[in-house]
Amino acid sequence: MAKGAQKAARARRLREEILNFVTINPGCTASQIVAWLSIDLRMKNHGLTPRKVGFFIPRYCKELIWRQDSSTGKRVYVRKS
């Protein structure tokens with residue numbers, strides 16, 4: 001087994017799940033993504049927070065972009081056109 005294989009597999013699954021969720025629910029926030037991953041998919045052992053997801057998305061999910069929500073001031077994620 002390669003060194004860091006589990007870490008890479010977790011990152012790959014996290015990336016796929018985030019892309020799937022944003023595709024289904026465009027205009028979602030990092031908090032909504034974390035709630036879905038933690039509660040619905042039971043990825044509790046990943047230590048996910050909205051801040052971590054906010055740093056993860058620009059680094060590993062190049063297919064997503066964010067826009068500022070004018071009413072709340074939060075970042076809202078959507079897929080690139």
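**View 1. Buried residues of helix H2 in the predicted model.** The buried residues of H2 are Ala 30, Ile 33, Val 34, Trp 36, Leu 37 and Ser 38. Buried means under 20% relative accessible area, exposed means over 50%, and partly exposed lies in between (1.4 Å probe, protein chains only). H1, H3 and strand E2 (75–79) are among the elements that cover these residues. Contact here means heavy atoms within 4.5 Å. Helices (H or I, at least four residues) and strands (E, at least two) are DSSP runs, numbered from the N terminus. This is a predicted model, in which local features need pLDDT of at least 70, side-chain atom pairs count only at pLDDT 80 or more, and totals for chains, interfaces and linings use all residues. Residues are numbered from 1 along each chain as its sequence is written, and side-chain values use heavy atoms, with hydrogens and water left out.

**View 2. Helix H1 against helix H2.** The axes of H1 and H2 (residues 30–40) come within 11 Å and cross at roughly 120 degrees. H1 is therefore oblique to H2. Axes are lines fitted to C-alpha atoms, for helices over the stretch in contact, and angles run from 0 to 180 degrees between N-to-C directions. Angles under 35 degrees count as roughly parallel, over 145 as roughly antiparallel, 65 to 115 as roughly perpendicular and the rest as oblique. The crossing of H1 and H2 is right-handed. A crossing is right-handed if the near helix is turned clockwise from the far one by less than a right angle, and left-handed if anticlockwise. H1 brings Leu 14, Glu 17, Ile 18, Phe 21 and Val 22 to the contact, and H2 brings Gln 32, Ile 33, Trp 36 and Leu 37. By class, seven of these residues are nonpolar, one is polar and one is charged. Ala, Val, Leu, Ile, Met, Phe, Trp, Tyr, Cys and Pro count as nonpolar, Asp, Glu, Lys and Arg as charged, and the others, Gly among them, as polar.

**View 3. Helix H1 against helix H3.** The axes of H1 (residues 5–24) and H3 (residues 50–60) come within 11 Å and cross at roughly 90 degrees. That makes H1 roughly perpendicular to H3. On the H1 side, the contact is made by Ala 11, Leu 14, Arg 15 and Ile 18. On the H3 side, Val 53, Phe 56, Ile 57 and Tyr 60 take part. The contact of H1 with H3 has seven nonpolar, no polar and one charged residues.

View 4. Glu 17 lies in helix H1. Is Glu 17 buried or exposed? Glu 17 counts as buried, at 18% relative accessibility. Leaving out residues up to four places away in sequence, Glu 17 touches Trp 36, Leu 37 and Leu 41. The side chains of Glu 17 and Arg 13 also meet in a salt bridge (3.8 Å, N to O). A salt bridge is a side-chain nitrogen of Lys or Arg within 4 Å of a carboxyl oxygen of Asp or Glu. By this rule the count comes to two salt bridges. Glu 17 and Arg 13 are four residues apart in H1, so about one helical turn separates them. Arg 13 is partly exposed, at 35% relative accessibility.

**View 5. The salt bridge of Glu 63 and Arg 15.** Side chains of opposite charge can pair when their charged atoms come close. The side chains of Glu 63 and Arg 15 meet in a salt bridge (2.5 Å, N to O). This pair links distant parts of the chain, 48 residues apart. Glu 63 sits in the loop between H3 and strand E1 (64–68), while Arg 15 belongs to helix H1. Glu 63 is partly exposed, at 27% relative accessibility. Arg 15 is partly exposed, also at 27%.

View 6. Arg 42 follows H2 and is found in the loop between H2 and H3. Phi of Arg 42 is near 55 degrees, a positive value in a residue other than glycine. Arg 42 is exposed, with a relative accessible area of 67%. Thr 29 lies in the loop between H1 and H2. Thr 29 counts as buried, at 14% relative accessibility. Not counting residues up to four places away in sequence, Thr 29 touches Lys 74, Arg 75 and Tyr 77.

**View 7. Ile 65 in strand E1.** Ile 65 has its place in strand E1. At 28% relative accessibility, Ile 65 counts as partly exposed. Ile 65 and Val 78 are 13 residues apart in sequence, and their C-alpha atoms are 5.6 Å apart in space. Neighbours within four places in sequence aside, Ile 65 is in contact with Val 76, Tyr 77, Val 78 and Lys 80.
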